[in-house]
Amino acid sequence: MRKLRLGVMISGSGTNLQALIDACAAADYPATIEVVISNRPNVRGLERAEQAGLKAVTIDHKAFDDKESFEDALHECLSDHKVELVCLAGFMRLLTAGFVNRWRDRMINIHPSLLPSYKGLHTHARALEDGVRFAGCTIHYVRPEMDNGPIVMQAAIPIASDETEESLIAKTLTYEHKMYPAAVRLIAEGKARVSGNKVAFKDVDLVMPGLISPLP
Ligand code: GRF
């Protein structure tokens, strides 16, 4: 089976990376992780990559004079490993339009909210503060504007009456870990493709029952 070559970029704990590592361990999974890049040294995600026998590289943004040379190093590393799809998984540096456009339609991100609501940081706390009934998470293709781009997959996560920021973060992560491997699979199998500013699906069942919270 031809496998899509992934490059995963992280900055921290790497639980989404772990979900991808676990998925790629299955013989019939249509993707393979060629390199894991962290912009921060000694993070847990790098250990996860090493434990899985993957190429794990630190490209520390602090070691570069400017953003362009940092991003040139990222680009070179991804290109050297013949990466076909970049997966941002808790990568906490904003990327320039130049870098994003070099990887246009070949780079996806996971964000812990139902985009386009709650771009940026502290998404769970802000959703709780607003009293919305649903939080969520989104996998989207990356465009130069932060947390923007064609949406591949989303989860709507009902907020419980006793929800705390910690419980919502934990709950959201369980959905993230299911979604990231599933979204990569759709892309690898050619079932999800960018078309304009949306993702078009082929042979995918998009019909789901609606959710109401609180129950009427
Ligand atoms: C996740 O919540 C992801 O949505 C966000 O950063 C977090 C990364 O967590 N972009 P991890 O490093 O995968 O554990």
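Colleague: Which residues in H1 meet which residues in H6?

Modeller: Contact here means heavy atoms within 4.5 Å, and helices are DSSP runs (H or I, at least four residues) numbered from the N terminus. In this predicted model, Thr15, Asn16, Ala19, Leu20 and Ala23 of H1 meet Leu173, Glu176, His177, Tyr180, Pro181 and Val184 of H6. Local features need pLDDT of at least 70, side-chain atom pairs count only at pLDDT 80 or more, and totals for chains, interfaces and linings use all residues. Residues are numbered from 1 along each chain as its sequence is written, and side-chain values use heavy atoms, with hydrogens and water left out.

Colleague: At what angle do the axes of H1 and H6 cross?

Modeller: Axes are lines fitted to C-alpha atoms, for helices over the stretch in contact, and angles run from 0 to 180 degrees between N-to-C directions. The axes of H1 (residues 15–24) and H6 (residues 165–188) cross at roughly 45° and come within 9 Å.

Colleague: Which residues of H2 are buried, and which are exposed on the face turned away?

Modeller: Buried means under 20% relative accessible area and exposed over 50%, with partly exposed in between (1.4 Å probe, protein chains only). In H2 (residues 44–51), Gly45, Leu46, Arg48 and Ala49 are buried, whereas the face turned away from the buried side carries the exposed Glu50 and Gln51.

Colleague: What do the buried residues of H2 pack against?

Modeller: Strands are DSSP runs too (E, at least two residues), and the buried residues of H2 pack against strands S1 (4–10), S2 (31–38) and S3 (56–58), as well as H1. Just after H2, Gly53 takes a positive phi of about 75°.
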